[in-house]
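Please take a look at the model below.

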Number of protein chains: 2
Amino acid sequence: MSNDEFCEVQFINGRVVAEVRTRMLDDGLLLRVADIFKILGDPTRVRILHALSLREMCVCDLSALLEMSQSAVSHQLRILRNARLVKYRREGKVVYYSLADEHITKLIKVGVEHASE
Amino acid sequence: MSNDEFCEVQFINGRVVAEVRTRMLDDGLLLRVADIFKILGDPTRVRILHALSLREMCVCDLSALLEMSQSAVSHQLRILRNARLVKYRREGKVVYYSLADEHITKLIKVGVEHASE
DNA sequence: TGAACATATGAACAAATGCTCATATGAGCA
DNA sequence: TGCTCATATGAGCATTTGTTCATATGTTCA
């Protein structure tokens with residue numbers, strides 16, 4: 001696929017494009033990066049993750065804390081589970097969720113720093 | 001609004017919820033955090049930001065690099081502009097975009113680190 | 001075993017999103 | 001001024017997303 005299909009200009013150097021392309025990270029990797037950020041890009045999930053960074057919690061407590069239905073919280077927890085951002089343990093009828101690792105805390109932290117500017 | 005509306009359980013302590021609530025970051029802040037991550041949560045925008053972290057580029061070159069229409073790139077650049085993640089300068093007919101600051105580079109970097117696991 | 005409860009999940013639906021297409025804007029140049 | 005080109009933007013549309021509602025699953029306990 002030639003550049004001409006997208007850009008008909010001559011004087012804008014294709015060499016610049018080619019040079020940058022060699023230094024670009026793999027598209028698949030950048031896609032995974034976007035996937036992670038997409039998961040973090042929802043207020044409910046951010047609040048859940050932040051709450052879990054303070055303390056392990058069960059679904060019911062999270063639901064009360066966030067003032068959201070148990071179903072809504074559960075649906076979001078599934079998304080976080082599938083993305084391996086949280087882990088959980090069952091204790092009788094109650095399921096306790098916590099962050100999968102400190103990496104997540106760091107991600108949230110960097111986001112908070114940026115938002116606090 | 002009582003917890004009961006969302007959680008009828010007695011033995012799951014409301015004190016835990018109350019205690020965590022006092023330590024929770026402000027909801028408005030967490031909303032802004034989610035907003036930033038939402039913007040980073042799209043492959044096109046991540047690729048644009050990553051490219052700009054390597055070099056200042058014009059719309060046309062970005063379009064060629066990403067093999068996307070000029071219109072699509074321009075639309076995404078507007079979103080990035082509104083979020084103050086990129087800045088731009090005009091040079092004749094050409095508009096050059098670059099990252100607003102190194103904060104953005106750091107955000108992307110942390111995301112890449114996570115995705116590289 | 002059967003009732004009660006914490007959690008999970010499927011279907012449905014409204015809202016948000018990202019692209020395309022057509023067109024507008026704005027700058028350089030003949 | 002009129003033409004060309006780089007960029008911006010509005011409308012339309014298909015897809016994705018987050019919630020609710022209803023219901024299923026799985027565990028405890030009488």
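Let us start with helix α3 of chain B (residues 43-54): at 1.5 Å a residue its 12 residues should span 16 Å, and the end C-alpha atoms are 17 Å apart, which agrees. The expected span is 1.5 Å times one less than the number of residues, and helices (H or I, at least four residues) and strands (E, at least two) are DSSP runs, numbered from the N terminus. This is a predicted model, in which local features need pLDDT of at least 70 and side-chain atom pairs count only at pLDDT 80 or more, while totals for chains, interfaces and linings use all residues. Residues are numbered from 1 along each chain as its sequence is written, chains are lettered from A and ligands numbered from 1 in the order in which they are written, and side-chain values use heavy atoms, with hydrogens and water left out.

**Around α3 of chain B**

Most of α3(B) is covered, with nine of its 12 residues buried. Buried means under 20% relative accessible area, exposed means over 50%, and partly exposed lies in between (1.4 Å probe, protein chains only). Among the buried residues are B:V46, B:R47, B:I48 and B:L49.

Beyond its neighbours within four places in sequence, B:L40 is in contact (heavy atoms within 4.5 Å) with residues including A:A34, A:F37, B:V46 and B:L49.

**Where the chains meet**

How much area do chain A and chain B bury between them? The value is about 5800 Å², with 72% of it on carbon and sulfur atoms. Buried area is the accessible area (1.4 Å probe) that two parts lose on being put together, summed over both. Each side is well represented by count: 61 residues from chain A and 61 residues from chain B take part in the contact.

Four salt bridges are counted between chain A and chain B; the term requires a side-chain nitrogen of Lys or Arg within 4 Å of a carboxyl oxygen of Asp or Glu. One residue of α3(B) comes back here, as B:R47 is buried and its side chain meets that of A:D27 in a salt bridge (3.1 Å, N to O).

**Salt bridges within the chains**

Over all chains, the count comes to 10 salt bridges.

| Pair | N to O distance |
|---|---|
| A:E19 and A:R23 | 3.1 Å |
| A:E56 and A:R89 | 2.7 Å |
| B:R23 and B:E19 | 3.1 Å |

A:E19 and A:R23 both sit in helix α1 of chain A, four residues apart, about one turn of the helix. A:E19 counts as partly exposed because its relative accessibility is 33%, and A:R23 does so at 40%. In chain B, B:R23 and B:E19 are four residues apart in helix α1 (residues 14-23), so about one helical turn separates them. B:R23 is partly exposed at 40% relative accessibility, and B:E19 at 32%. Salt bridges that share partners join A:E56, A:R89 and A:E91 into one network.
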